[in-house]
Amino acid sequence: MLKKRIIPCLDIKDGRTVKGTQFVDLKDAGDPIALAQKYAAQGADELVFLDITATIENRKTLVELVKKIAASINIPFTVGGGIRTLEDAALLIRSGADKISINSAAYNNPELIKEIANHFGSQCVVVAIDAKYIDNSWNVFTNGGRTDTGCNIIAWAKKAADQGAGEILLTSMDNDGARSGFAIEPVNEVCNAVSIPVIASGGAGCKEDFYALFQNSNASAALAAGIFHYDQLQIPRLKEYLKTNQIPIR
Amino acid sequence: MIAIIQYGGGNTGSVQNALNRLGVHSIITSDAGIIQSAEKVILPGVGAAGAAMQAIRRDGLDKIIPNLKQPVLGICLGMQLLCKYSEENNTTCLGVFDARVIKFPEGYIVPHIGWNNIENTKRILFSEIADKNTYFVHSYYVPVCTDTVATCQYILPFSAAIQKNNFYATQFHPEKSGDTGEQILKNFLEI
């Protein structure tokens, strides 16, 4: 049976892991390689690295980091942040990233999804969607959560899937960092609209939140950051708890 | 020396990284001579069948690979390329295995992405495996056939691994399957 995935996310700024609340107020959360190795050893199913600065100067640092991560861990990992062109994606994939995650650039230029998928296969294209609940609609936000596109997440998720996305990474900005649980409703909306896997992100505060997500939605995976970085919840404990509660877990 | 066949696109580096972690020297190459003289050959796989076969033909490797005598390991798309035909881009493949590669049916979540347990494991690749969860990423599959040496269940039962003579192939990615994957690679290297 296919297992539900637990995915720690490492936000990267200037080569370090950072964690903020609702996309701002960044705090240092450690060395990404050490954290990656720790999570892999603890049974993380995949890792995601998001370069949140993503400036051109930082690109080289990121590529070097990706090479080191690829050399030192034996589970799949995704890299995102600032990928705007096929060349950006190719550089990261050739440096060892298994998948790349694209957000604003995909929204602004949906052809980019197709280009990367045609080149490297759909399986390595994760389309990240930042969602915020505005006037009775879950809207797509771009530009690091700063711009309301006015577009509903369903419409965009469908289009992204049609363009060849392999997975959707859906982050509820309202829940991000709040530790009050995952936003189940938008996850279900997207799961019902597309036939590619959906990774839910934003809001994990305790092990019960993961159970609620998997019990009440068709999410294929749950992504979380802060809760793992500060050892509030250790991955082996979380996985044991989910297994005991009949969620299919590795 | 282990030759990892390069055919554009794919993330060949991850297989080399896995071999490095096992302390084994490898070369990423599309050179027929190096491939033929290698102790073992790995055909990795990330990408689409059509473009992959195009590159393999361009480099003349479609004549070389099926005739290799040393142990060969195909991984994911590499496994599918060793079959006769793939529905992906309607592609004629290398024909080592007499199998057709088929797309998962509509109406389900595809690609099959994540950790799934392999069953009915036979023969050498799977000795000393404690945890049978391995990492899959694919939209096309090889049906269960006479060459199947491990199965997996997703939507339907399919071949998680196939073997024929000196050709071994896994649909999952041993290089990304944690300790289990490392053991499977080790088993291949010890053949």
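Contact here means heavy atoms within 4.5 Å of each other. The structure is a predicted model, in which local features need pLDDT of at least 70 and side-chain atom pairs count only at pLDDT 80 or more, while totals for chains, interfaces and linings use all residues. Residues are numbered from 1 along each chain as its sequence is written, chains are lettered from A and ligands numbered from 1 in the order in which they are written, and side-chain values use heavy atoms, with hydrogens and water left out.

Helices (H or I, at least four residues) and strands (E, at least two) are DSSP runs, numbered from the N terminus. As background, an α-helix has 3.6 residues a turn, so residues three or four places apart point the same way. Just after the helix, Gln246(A) takes a positive phi of about 65 degrees.

Attention now turns to charged pairs. A salt bridge is a side-chain nitrogen of Lys or Arg within 4 Å of a carboxyl oxygen of Asp or Glu, and a search of the whole structure finds 17 of them over all chains. In one of these, the side chains of Arg5(A) and Glu167(A) meet at 2.9 Å, N to O. Arg5(A) lies in strand β1 of chain A and Glu167(A) in strand β10 (residues 167-172) of chain A, so the pair ties together parts that are 162 residues apart in sequence. Both Arg5(A) and Glu167(A) are buried. In chain B, Arg21(B) forms a salt bridge with Glu182(B), with the closest N and O atoms 3.7 Å apart. This pair also links distant parts of its chain, since Arg21(B) is in helix α1 (residues 13-21) and Glu182(B) in helix α6 (residues 178-189) of chain B, 161 residues apart. Arg21(B) is partly exposed, with a relative accessible area of 26%, and Glu182(B) is partly exposed at 21%. A further salt bridge joins the side chains of Lys63(B) and Asp62(B) at 3.1 Å, N to O. Here Lys63(B) is exposed, with a relative accessible area of 58%, whereas Asp62(B) is buried at 18%. Salt bridges that share partners also join Arg5(A), Glu46(A), Lys99(A) and Glu167(A) into one network.

The interface between the two chains comes next. In total, 30 residues of chain A are in contact with 27 residues of chain B. The chains bury about 2400 Å² between them, 53% of it on carbon and sulfur atoms; buried area is the accessible area (1.4 Å probe) that two parts lose on being put together, summed over both. On the chain A side, Leu2(A), Asn74(A) and Arg250(A) lose the most area to chain B, together 27% of what that side buries. The rule finds 1 salt bridge across the interface: Asp98(A) pairs with Lys176(B), the closest N and O atoms being 2.9 Å apart. The elements that give two or more residues to the side of chain A that touches chain B are α2 (56-72) and α3 (86-94) of chain A, and α2(A) gives the most, with 3 residues.

Some backbone details complete the description. A cis peptide bond joins Val110(B) and Pro111(B), with omega about 10 degrees, and Pro111(B) lies in the loop between β7 (100-103) and β8 (112-119) of chain B. Asp135(A), in the loop between β7 (125-134) and β8 (137-142) of chain A, has a positive phi near 45 degrees and is exposed, with a relative accessible area of 70%.

Key. Buried < 20%, exposed > 50% of the residue type's maximum accessible area, 1.4 Å probe, protein only.
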